[in-house]
Amino acid sequence: MTNMQRVVSSFMSLFLILWMFVVLDLVIKVSGNAEGDALMALKNNMIDPSDALRSWDATLVHPCTWLHVFCNSENSVTRVDLGNENLSGQLVPQLGQLPNLEYLELYSNNITGEIPVELGSLTNLVSLDLYLNKITGPIPDGLANLKKLKSLRLNNNSLSGNIPVGLTTINSLQVLDLANNNLTGNVPVYGSFSIFTPISFKNNPFLYQTTPVTPAATPQQNPSGNGITAIGVIAGGVAVGAALLFASPVIAIVYWNRRKPPDDYFDVAAEEDPEVSFGQLKKFSLPELRIATDNFSNNNILGKGGYGKVYIGRLTNGGNVAVKRLNPERIRGEDKQFKREVEMISMAVHRNLLRLIGFCMTSSERLLVYPLMVNGSLESCLRGHIHTTIWRYISSSNLILC
């Protein structure tokens, strides 16, 4: 091989290598820009007076550096968090082109129009929060394809039509809120919907909630002894009625002495101060608080100490809370003891104490739920204007100060 041939061969090899790099780079850019283009379509369809989308730049390789956008290790979008950003406009079908999206948070805005049917292709979606907007139209049937969905909150919109029956097949669904809409028809009461209470569907004037009825067993007839059977039934009814008549006072007394408050709430006496009303504490379920805190994500930690950690959380009604999760070693004793401690905390009144909203207790968890402080850090809330001696006592207990 001559020198010229060697030079040509080397040049061709170098050209092929460079060409492969160029093609690979183009593939990466096209992949990243596909999701970026989908989000840019949303931005272009939104009015953004607060400039929340100012960092969304279509010239970048991928949208993972944009504000309110989160990606996985492969630079694919997994979360869009645009709640309470004063956005108005309509959702776009291109949102269905985010294959790895897990969280779509667009609550508390002024979004109008309908829910795109293309959202039904987001098969990795875990949470869909579109509540507190002005969305109209039906709930798309395609949302039944979201088999990983755990939280569906569409409350406080103007949605119409029937609730898609297919939603009852989403076995992972733990939080559902369709309240305050214009939905019609009957509420499904089977499948995953069997765990939800009427509060999930309240304030839909034309939505009817039914209770499944088990068909009564047909009594067997005795053709040869109808008269004897009838006499026996009458005699038995008279005997039972007489027994109940004499026993009813005793039953009433026993019931009165042994009755107990419902499982979901227990009463705490209200103070006379008109600015402080304790009413009833809510007993939260563990799945509800897991959803509210993104499964107690480290990204949601507000503070921690010897008692445990405090997480920011968002409830199904849109309210923000602080969830105190006690360390396992601080879980001591029975549920009754924990309830007594909660009741004592609830009755502690001070201008620097946050009022307890509710609690959760399981065999392995003890959690306290407080309103979220809007201003100031947790440390300043815990320490501000409190004498050192009092602080040492409070910090070892289950109280939160502000």
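How do the residues lining the second largest pocket divide into nonpolar, polar and charged? I looked this up before anything else. The lining divides into seven nonpolar, ten polar and ten charged residues. I note that the model is predicted.

**Second largest pocket**

I read off a space of about 570 Å³ for this pocket. I found 27 residues lining the second largest pocket. R79, Y103, D294, S297 and N300 lie nearest its centre. Next I checked which elements supply the lining. At least two residues each come from β3 (77-81), β5 (103-105), β7 (127-129), β9 (151-153), α3 and β17 (308-314). Then I looked up the domains. Domain 1 (34-208) and domain 2 (282-383) both give residues to this lining, so the second largest pocket lies between them.

**Largest pocket**

I turned to the largest pocket, whose volume is about 790 Å³. I found 25 residues in its lining. Nearest the centre of the largest pocket are T197, I199, K282, E288 and T316. Two or more lining residues come from each of β11 (175-177), β15 (280-283) and α3 (286-292). Which element gives the most to this lining? I found that β11 does, with three residues. By class, I noted ten nonpolar, nine polar and six charged residues in the lining of the largest pocket.

Methods. Residues numbered from 1 in each chain as written. Predicted model: local features only at pLDDT ≥ 70, side-chain atom pairs only at ≥ 80, totals over all residues. Heavy atoms only, no water. 1 Å grid on protein atoms, 1.4 Å probe; cavity = no way out; pocket = protein on both sides within 12 Å on 5 of 7 lines; lining within 4 Å. Points joined across faces, edges and corners; volume = space filled by probe spheres on them. Helix = DSSP H or I, 4+ residues; strand = E, 2+ residues; numbered from the N terminus. Nonpolar A, V, L, I, M, F, W, Y, C, P; charged D, E, K, R; others polar. Domains from an automatic or database assignment.
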